[in-house]
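Thank you all for making time this morning. I would like to walk you slowly through one structure, so please have a look at it first.

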Amino acid sequence: VVATTVQAAAGRAFVLAGAGSNSTEHAIEAARTCEAAGADGCLVVTPYYNRPSQAGLERHYDAVATATGLPIMLYSVPGRCGIEIAAETCARLAERHANVVALKEAGGSVERVTRIRRACGPDFPIHSGDDALTLPFLAAGAVGVTSVVSNVAPEGMVALVDAWRRG
């Protein structure tokens, strides 16, 4: 699927391929497969079911980031995984790994975007991972959206983000 998407995109779009798993070994394998298929980056979800500690999250993401040269967007979705990536954990990962380049935040809290922004600094991209909260997330310091609805109706989401960027 990733190779076909890369071929269809033909350099016109950034291909961010899902490479997450609740198994660190499987997430590494998926990231390497995405890299070999020509993806431009990987979206790596917090391990689901396992509910690791923040130290466990760091070890998981350290291993994946070390195993691939692709840019990695961390994906914090506590409603589905049972744990969020703490703002401080995100900052440490970004500091240690040049390829940890962004965060998809789907925790449902605008205040959390502010905490992540403070911890990670102004140059670390935060994307809304919750379509309905995109506008308030942008107001709190997010720079875009990694959207679900855009897969079926991209025009509206693009118009929203473009309008925000125009002020």
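Where do Arg115 and Glu111 lie, and how many residues apart are they? Please keep in mind, as we go, that this is a predicted model. Both residues lie in helix H6, four residues apart, which is about one turn of the helix. Arg115 forms a salt bridge with Glu111, and the closest N and O atoms of the pair are 2.9 Å apart. Arg115 is partly exposed, with a relative accessible area of 31%, and Glu111 also counts as partly exposed, at 45%. Elsewhere, salt bridges that share partners join Glu58, Asp62, Arg92 and Arg96 into one network.

Let me turn now to how two of the helices pack. Helix H5, residues 87-96, and helix H6, residues 110-120, pack at an angle of about 35 degrees with their axes 8 Å apart, and their crossing is right-handed. Among the residues that meet there are Cys90 in H5 and Cys120 in H6.

That brings me to the cysteines. The structure holds zero disulfides. Cys90 is in none, and the nearest cysteine sulfur, that of Cys120, is 3.6 Å away, whereas a disulfide would need the two sulfur atoms within 2.5 Å. The sulfur of Cys81 is 15 Å from the closest cysteine sulfur, in Cys90, and is therefore too far for a bond.

Notes. Residues are numbered from 1 along each chain as its sequence is written. This is a predicted model: local features need pLDDT of at least 70, side-chain atom pairs count only at pLDDT 80 or more; totals for chains, interfaces and linings use all residues. Side-chain values use heavy atoms; hydrogens and water are left out. Axes are lines fitted to C-alpha atoms, for helices over the stretch in contact, and angles run from 0 to 180 degrees between N-to-C directions. A crossing is left-handed if the near helix is turned anticlockwise from the far one by less than a right angle, and right-handed if clockwise. Contact means heavy atoms within 4.5 Å. A salt bridge is a side-chain nitrogen of Lys or Arg within 4 Å of a carboxyl oxygen of Asp or Glu. Buried means under 20% relative accessible area, exposed over 50%, partly exposed in between (1.4 Å probe, protein chains only).
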